[in-house]
Amino acid sequence: MRKYLFLFFVLCIALTVFAQEPEQGTTQTEESPFSLGVDITNRYVWRGLNLGGNAPSIQPALDLSFGNEKHSLSVGAWGAYSVGGTQTFQEADLFLTYSYSEMFSVTLTDYFFPDDNGTSPKYFDYGKNSTGHLYEATLGYSGPEQFPISLVFAMNFYGADARKINDDGSAGDIFMSKYVELGYAHSVKGVDVNYFIGAALDNPDEDKGEIGFYGNESMGLINLGITASKSIDVTEKFSLPISTSLIFNPDAERIFFVLGISL
């Protein structure tokens, strides 16, 4: 797996070279291929799961994109770090996304959850049964403005996924856990509104004590809710994007109310 990490950085360098500013005498009309930012949320809730405990979360992002309206490629990193509270949580992910016509996308994500107490697996351990990395493939669709639905299908294919239990009680193969989400987005008087419904597609064997990757004991809805977002003008040249999400996890019988700001 180390070679894939090496290829990731080679790809980043290659995209940077191709996206260099034009030579003197030419005109630069495109924006920088780099984008960076940070989100701050009162809780880190992902696919109906409260991953950040009872603490706010700082979520930095760095992205390098290259392409045109037809084909585009993005590589980047995303993280989440809880601040205070009784539970601490860290996440550091790498991703690679190919998009076609801004409607279809394929994403490969390397999830990793480090800690500062030395108990997490080492970052460069990619062993099948020992790695702390989790690899996921995602297929996405975003409909046109006339029909603004979105559809996401995600599947874990290697690493620290939930495992099946063999008849003798030993750990078996990974579930290759699957998740699907349907969304609908529209704008209401300057407020962007997105409705979403997501489900875990795996059906663990309760008699063996299996539990799904999303904490589910059976196939079912785990992520149902609404997100509203808008930008608040602070000055003539600066606005602050904010969002609020009301999220239900019917399977776990949980509810979350999340506030986020983006910088």
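## Elements and overall make-up

Strands, like helices, are taken here as DSSP runs and numbered from the N terminus, a strand being a run of E with at least two residues. In that sense Leu246 is found in strand β15, a residue taken up again below under the surface. The model is a predicted one, and the protein in it has one helix and 16 strands.

Of the 263 residues in the protein, 30% count as buried. The accessible surface comes to about 16000 Å², and 59% of this area belongs to carbon and sulfur atoms. When contacts between residues at least 6 apart in sequence are considered, 46% of them join residues that are at least 24 apart.

## The barrel

Twelve strands close into a barrel, with antiparallel pairing, and their order is β1-β4-β5-β6-β7-β8-β9-β12-β13-β14-β15-β16. From one strand to the next, the twist averages 20°.

## Strand pairs in detail

Strand β6, which covers residues 90–100, has two antiparallel pairings that can be followed residue by residue. With strand β5 (residues 71–82) it pairs over eleven bridges, and here Ala77 stands opposite Leu94 of β6. With strand β7 (residues 104–111) β6 pairs over seven bridges, and Thr97 has Thr107 in β7 as its bridge partner. β6 and β7 also form a hairpin with three residues between them, and in its turn Ser101 has a positive phi of about 55°.

## A nonpolar patch on the surface

Which residues form a nonpolar patch on the surface? The patch is made up of Leu151, Leu182, Ile197, Leu221, Leu224, Leu246, Phe248, Ile255 and Phe257, which together have about 760 Å² of accessible area. At least two residues of the patch are supplied by each of β14 (220–233), β15 (239–249) and β16 (254–262).

Key. Residues numbered from 1 in each chain as written. Predicted model: local features only at pLDDT ≥ 70, side-chain atom pairs only at ≥ 80, totals over all residues. Heavy atoms only, no water. Helix = DSSP H or I, 4+ residues; strand = E, 2+ residues; numbered from the N terminus. Buried < 20%, exposed > 50% of the residue type's maximum accessible area, 1.4 Å probe, protein only. Contact = heavy atoms within 4.5 Å. Areas by Shrake-Rupley, 256 points an atom, 1.4 Å probe, with all protein chains shown as cover. Patch = residues over 30% accessible without salt bridge, like charges linked within 9 Å, V, L, I, M, F, W, Y side chains within 5 Å. Salt bridge = Lys/Arg side-chain N within 4 Å of Asp/Glu carboxyl O. Pairing = 2+ DSSP bridges. Axes fitted to C-alpha atoms, helices over the stretch in contact; angles between N-to-C directions.
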